[in-house]
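Me: Hi! Could you walk me through the voids in this one, and then a helix contact?
Reply: Happy to, let's have a look.

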Amino acid sequence: MLEIKDLHVSYGLVRALQGVSLNVPDGKLVCVIGSNGAGKTTLLRSISGLLKPSQGSIQLAGKEELVGRKPHMVTRSGVAHCPEGRRVFPEQTVTDNLILGAFSTMKKTGQAEMRKDIQNVFTIFPRLQERREQQAGTLSGGEQQMLAIGRALMSRPRVLLLDEPSMGLAPVIIDEVFKRLAELKERGITMLLVEQLAFRALGVADYGYVIENGKIMIEGEASKLMNDPRVKEAYLGGG
Amino acid sequence: MQFTELLQLLFSGVALGMIYALIAFGYNITFSTSRTLNFSQGDFLMLGAFVSYSIIGAMVAGKRALPGWHIFFLCLLGAAILGAGLAIVLQQVAIKPALKTGSDVSWILATISLGIIAKNVAERVWTTDDVPVRSPLGANAWQFFDGKLSIDPREFMIIVAAGLIMFAFEIFRRKSMLGKAVTAVASDKDAASLMGINVPVVITFSFMVSCAIAAMGGVLVAPLTFASASMGALLGVKAYAASVIGGLQSGLGVVVGGLILGMSEQLTARFISTGYKDTPGFILLIIILLVKPDGLFGKAAVKKV
């Protein structure tokens, strides 16, 4: 579904990504794990058009080239990005946040379908239904994360990009978030997850990549990576 | 000093304040989406005033006949269209290049200079004189309580129409998809673009709305103050003061700021001296800048990490 080849991204003289290649097959959950500053967020921001790669290609469904598209056009082609730090719209209600998530698809699908999608998000995240008229900024961190994921789902994405959904959350809440990700996988949603909590991420993923200093160092089946001594060494106790 | 006189003064203050509020409301809209604003907002108001002068002159026979309501709405529509159209030019010429380079000085100077150009063009196209503009309600005061209380219908119209315009925009902002997108762009541009919102288009749209509102303000105020090419500059500055008092970030704040300024002017003019009427408002402005630079209704963003 999403194929990235030899991606290079720089911030001025700092080379954040140096030839990253990876593949997200249809219906699979692929994770990219790595420590702070390894280039995980840069990777997702380049896919969704917020950053301009200096080199490389990002292909959606084998035919659409995403490099060079503006972020709103990337979203319209079916890539939803649930950003680092959640970035919900704090002054708007939970429902409004979800409606905004459908901004790119509303014209095609119409009001009725959008209402259905909102109900659908509420069945996945019942807490959001309870709080639907509340300002998003008043939600707890975990609820905001659920909202950010729900909002991304509203565009009926072909690929869902998740940037560190565990960030700043209590361990119990992290359990909950990863349970929901496993459910979304059951529903057949294609996902690319980047995480610092290596073992949590590998626990739900089908396939994993380890990124370090902007380069993919190790890749493999998630179950194999879990037992890979190099991963264990690098992330001892990591999640 | 009678109670009715005080009431009358406050009424005039509210009317004046609503004009400031209307302009400041426009500042608030573009400032929230782009962190820039149009310092020639007052000149857009002036253009709106002249548009209504021309439309009424062309469509109402006789020098004294009152324009009908349909003419009045036509004036509002004409002013709004001219304002929104010129806003696209303003945004392309003065704002967009500045947003690219991130330079604050350039948009400030560019919008001010476009205002000067608008003023000169208006002097050329229309006149350098102050010209009267008729109101559909006429200019004869409405008398209440055996003439103890008299209300100027033109002021009444400003209060009602300005209130309705702002109320309508608030409804639009809350209920419509585009309105929600405006709010989303105001709170987080990157996140908004990830929703599929074309952020530069929304910013242009916010300038169109802002300038259209200012131009409609001109239609409302012209019957009271006459239309003149130089009417915009001072109104624009005072509305800016109003928005700083109330808080540029807050839609409600700019309205309250406008009302405070308008009423303090009227009360000072009556009880102290007309020469000092602008003083209390600007003293308040300085105090606010010292004590609460975000304005009375300025808020720290609700944000949890």
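Me: Thanks! What volume does the second largest cavity have?
Reply: About 40 Å³, and bear in mind that this is a predicted model.

Me: Which residues line the second largest cavity?
Reply: The lining is made of S52(B), I56(B), P67(B), F72(B), C75(B), V133(B), R134(B), P136(B), V219(B) and P223(B). Helix 2 (41-59), helix 3 and helix 8 of chain B each give two or more residues to it. By type, the lining has eight nonpolar residues, one polar and one charged.

Me: And what's the volume of the largest cavity?
Reply: About 60 Å³. Its lining includes H81(A), C82(A), R151(A), L194(B) and M195(B), and splits into seven nonpolar, four polar and one charged.

Me: Now the helices. At what angle do helix 1 and helix 9 of chain B pack?
Reply: At about 75°, with the axes 8 Å apart. Angles of 65 to 115 degrees count as roughly perpendicular, so helix 1 of chain B is roughly perpendicular to helix 9 of chain B.

Me: Nice, which residues meet there?
Reply: From helix 1 of chain B, I19(B), Y20(B), I23(B), A24(B) and Y27(B) meet residues of helix 9 of chain B, including L235(B), K238(B) and Y240(B). The contact residues are nine nonpolar, two polar and one charged.

Key
Residues are numbered from 1 along each chain as its sequence is written. Chains are lettered from A and ligands numbered from 1 in the order in which they are written. This is a predicted model: local features need pLDDT of at least 70, side-chain atom pairs count only at pLDDT 80 or more; totals for chains, interfaces and linings use all residues. Side-chain values use heavy atoms; hydrogens and water are left out. Axes are lines fitted to C-alpha atoms, for helices over the stretch in contact, and angles run from 0 to 180 degrees between N-to-C directions. Helices (H or I, at least four residues) and strands (E, at least two) are DSSP runs, numbered from the N terminus. Angles under 35 degrees count as roughly parallel, over 145 as roughly antiparallel, 65 to 115 as roughly perpendicular and the rest as oblique. Contact means heavy atoms within 4.5 Å. Ala, Val, Leu, Ile, Met, Phe, Trp, Tyr, Cys and Pro count as nonpolar, Asp, Glu, Lys and Arg as charged, and the others, Gly among them, as polar. On a 1 Å grid over the protein atoms alone, a cavity is a set of points where a 1.4 Å probe fits but cannot get out, and a pocket is an open set with protein on both sides within 12 Å along at least five of seven lines; lining residues have an atom within 4 Å of a point. Grid points are joined across faces, edges and corners, and a volume is the space filled by probe spheres set on the points.
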